[in-house]
Amino acid sequence: MDLGLAGAAVCVQGGSKGMGRAAAHCFADDGARVVLLARDRKGLEATVAELAERGSPDAFGISVDLLDDAGIRRAFDEIGERFGELNTLVNTAGPDASRRLFDEIDDDEWLHSFQIGALAAVRCARAALPWLRKAEWARIVNVSAHSTKRQTASLAAYTAAKSAMTSIIKNMSLALGPDEILVNTVSPGSFASESFRAAVAALPKERGFDPDSLYDCMRWIAEDFGHPAHLPRAGDPSEIGAVIAFVGSKRNSYMTGANINVDGGSDFT
């Protein structure tokens, strides 16, 4: 299927690792011009090199603090100068899943979770809008989490921040509808990202979990959190990257305001 991404200008916020990196790979595979936003310069450089090899020779990265509104505005000014427009903005950055219970979370952690989990996407979308409006077609894709529908006691601040972002995006799709800018949310379930595998690797050896096994990753989720999927394995990041690329493509021409679950099967829609 031709997603209409050849030559498209795509920005992936949080694109130096995890699901953001996987999404950037998919956009590059289809010939998009990709820019990454993240703080980690080394990670940016490594991922940009990968993108160039995969079909995005114009790929570049900008190191930026997602808490810094002025820095984000400068980043999008640079993107506009390079590309002249922006077709797709993908917001993937989220707060750390600190795994503390409600009464263990102080105000600073709550505020930081909302800063990264909701306001970072707001800042990037606001700064990107002039360039999205210049493009023939434009999409915004925000990565939330299926934990907003299936609660975990130890993820209170994380889940609240992701829920706030999902609500903001629903309103944004309404506000930007007249501009024909499509805005959607993708909510992943259990995906074996680097941080996910690291958490599995840190479990006691006697439990017999292999962090490189998608089946063991899902077994951990089922045993420790009581949230099994219909499928017996966790997802590979490349599988969520493909969904993000479609939602952020020209081929997605009429879906907006949606929250798409990609979770291996669950008891909610």
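Modeller: Happy to! Let's begin with one aromatic cluster, which is formed by Phe 196, Trp 220 and Phe 225. Please keep in mind throughout that this is a predicted model. A pair of aromatic rings is described by two things, the distance of the centres and the angle of the planes. For Trp 220 and Phe 225, the ring centres are 5.4 Å apart and the planes stand at 80 degrees. Planes over 60 degrees apart count as edge-to-face, so the pair of Trp 220 and Phe 225 is edge-to-face.

Phe 225 has a relative accessible area of 23%, which makes Phe 225 partly exposed.

The relative accessibility of Asn 142 is 0%, so Asn 142 counts as buried. Which residues is Asn 142 in contact with, leaving aside its neighbours within four places in sequence? The list is Asn 91, Ala 121, Met 165, Ile 169, Val 183, Asn 184, Thr 185 and Val 186.

Next, look at the loop between helix 5 (156-176) and strand 6 (181-188), where you will find Glu 180. Glu 180 has a positive phi of about 60 degrees although it is not a glycine. With a relative accessible area of 62%, Glu 180 is exposed. Asp 179 is also in the loop between helix 5 and strand 6. For Asp 179 the relative accessible area is 37%, so Asp 179 is partly exposed. The C-alpha atoms of Asp 179 and Ala 138 are separated by 9.0 Å, while the two residues are 41 apart along the chain.

Finally, let's step back to the whole. The protein chain has 8 helices and 7 strands. Its radius of gyration is 18 Å, close to the 18 Å that the globule rule gives for 269 residues, so the chain is as compact as a globular protein of that length. The C-alpha trace spans about 55 × 40 × 35 Å along its principal axes. Of the 269 residues, 54% count as buried. If you take contacts between residues at least 6 apart in sequence, 71% of them join residues at least 24 apart. As for the surface, the protein chain exposes about 12,300 Å², and carbon and sulfur atoms supply 51% of it. The chain carries 28 positive and 36 negative charges, and the mean positions of these two groups are 3 Å apart.

How values were computed
Residues numbered from 1 in each chain as written. Predicted model: local features only at pLDDT ≥ 70, side-chain atom pairs only at ≥ 80, totals over all residues. Heavy atoms only, no water. Helix = DSSP H or I, 4+ residues; strand = E, 2+ residues; numbered from the N terminus. Rg over C-alpha atoms; globule rule 2.2 N^0.38 Å. Buried < 20%, exposed > 50% of the residue type's maximum accessible area, 1.4 Å probe, protein only. Contact = heavy atoms within 4.5 Å. Areas by Shrake-Rupley, 256 points an atom, 1.4 Å probe, with all protein chains shown as cover. Lys, Arg positive; Asp, Glu negative; His and termini not counted. Charge placed at Lys NZ, Arg CZ, Asp CG, Glu CD. Phe/Tyr/Trp six-rings, centres within 6.5 Å; stacked < 30°, edge-to-face > 60°.
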